[in-house]
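Hi there,

Here is the structure I promised to pass on to you. Have a look at it first, and then read on for my notes on its charged side chains.

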Amino acid sequence: MNVRAFALRIAPAALIAAGATLLAFVAHSALQPPVAPYELKLFRKTADAFPELAGQSIETKTLERLEVSAPDMSGKPVASAILAHDDAGRKTPLEWRNAVTEPVFFADVKAGEIIKLATAIKEHVEDDAVVFAWWDISRALRKIARRPAPLDDPQARGLLLPASWTHDAEVVVERGKTVWGAGVPAEQADSFSRFIEALLAGDEAQGAAALRALAQDKPAYLALHLSDIWKLAQAQPSAVSIAYRDFPAGGHSHGVMKAARDFMEREKIAGGYMVEPLGDVIRLHYLTDAASPNRLIARLLPFSTSNPLKLDHFQLVFQHKGYWVYKLNPAKS
C-alpha cells in the first residue's frame, strides 16, 4: 500500500478522533467552575504585626493579613486588610484598604475607626439592647464591643465590585458567598433580608416598625456606614440608584462644593448627594432617581435631601467619620 492510500484510509479515523477530543475538551471546560478575576492570599502574622488592635479584646491568633490581587494589575494587591476569624470560619474585616479608586468588596475603613465605634457602643448601649448593622460591621461589633449585634448573612450580600468586574459579577458574587458567607447558618439569611427591607422602606415610620419587629421588643440601635447605601444598591439594584464622582480636594471646600453643584446641575441630577473626603479627592455620592432619596437609608445618612437630626423615630447618638449610630425610639402609643 502506498503512502497516499494509507493516508486516505486513516484520515476519517483521525478526524473522528480529533472531534472526540475536542468534544471532550469542551465538556471538561464546561464542568470547570468559572475563574474569578481576583485571588485572595492570607498571611498568618504574629501579634506585634497588628499594633492597630493593641489592647482590644481580640485573640491575636485569630488575626491574619489578607491581600486581594488581580491579573490585570500585574499581581499587585488591589486591596489589603486585617481579618479576624472565629471557630465557625466567619471572616471579619477589621481594617480594609483599597489600592485602586473603586472599592474592592468593602469601602476603606481603618481599624481605629471600628474601635471608636465599638468603644462608643460599649459605653452608651444598654447590655440588653441589640445593635443592627450590615453583616461585616455586625461581626466587628461582636468581636470588639461584645454587644448583641445579631445580624449576619450566609449570602454575603452587598459586596462592592469594581466596574471592570461587572462582566464577571455572577462569578464574583458566588465566590463571595463561599468566602464571606462561610460559617453563617442558612437561617440567618431571613433576618438579614428583613433588615434590607427595613432600610429600603419608603416611609420612616414603616422602616422603624420593621426594625422594632426585628428587635422583638428589645431596645434597639442602628449602626450605619456611608458605604451601606452602596451595599444596598449592590444587593437590590432596582431599589437604589446611586453613582459617584471625584473632585480634587485642593483649595477651599467652597470651591469643591460649587464644582459639585455645577456638575449636578449640568447633568440634571435631581437626587440628593453627600460628600466624603478621601485623601486627595472629595467623593460626591449622588442619587440618580426620584425614589432613592425617600428610602430610609437615605434619610439616615447625610444626604442633601435629609436631616438626620430631625427624625421622628430615630435619635442620633454617635457620629464619627463615616459611621452614624441611631437609637430607635419606642413606638408611640
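By salt bridge I mean a side-chain nitrogen of Lys or Arg within 4 Å of a carboxyl oxygen of Asp or Glu. Since D152 sits in the loop between α3 (135-144) and α4 (169-180) while R142 belongs to helix α3, the pair ties together parts that are 10 residues apart in sequence. (Helices are DSSP runs of H or I with at least four residues, strands are runs of E with at least two, and both are numbered from the N terminus.)

A word on how to read all this. You are looking at a predicted model, where local features need pLDDT of at least 70 and side-chain atom pairs count only at pLDDT 80 or more, while totals for chains, interfaces and linings use all residues. Residues are numbered from 1 along each chain as its sequence is written, and side-chain values use heavy atoms, with hydrogens and water left out.

Is D152 buried or exposed? D152 is buried, at a relative accessible area of 1%, whereas R142 is partly exposed at 26%. Here buried means under 20% relative accessible area, exposed means over 50%, and partly exposed is in between (1.4 Å probe, protein chains only). The two residues also belong to a network of salt bridges that links D86, R90, R139, R142 and D152.

How many salt bridges are there in the whole structure? A search finds 14. Side chains of opposite charge can pair when their charged atoms come close.

- E174 and K177 form a salt bridge with closest N and O atoms 3.3 Å apart. Both lie in helix α4, 3 residues apart, which is about one turn of the helix. E174 is partly exposed at 42%, and K177 is partly exposed at 29%.
- K231 and D228 meet in a salt bridge of 3.1 Å, N to O. They are also 3 residues apart, about one helical turn, in helix α7 (residues 228-235). K231 is buried at 3%, and D228 is buried at 1%.

Finally, take a look at T62, in the loop between β1 (39-44) and β2 (63-69). T62 is buried, with a relative accessible area of 10%. Leaving aside residues up to four places away in sequence, T62 touches L83, A84, H85 and K143, where contact means heavy atoms within 4.5 Å.

Happy exploring!
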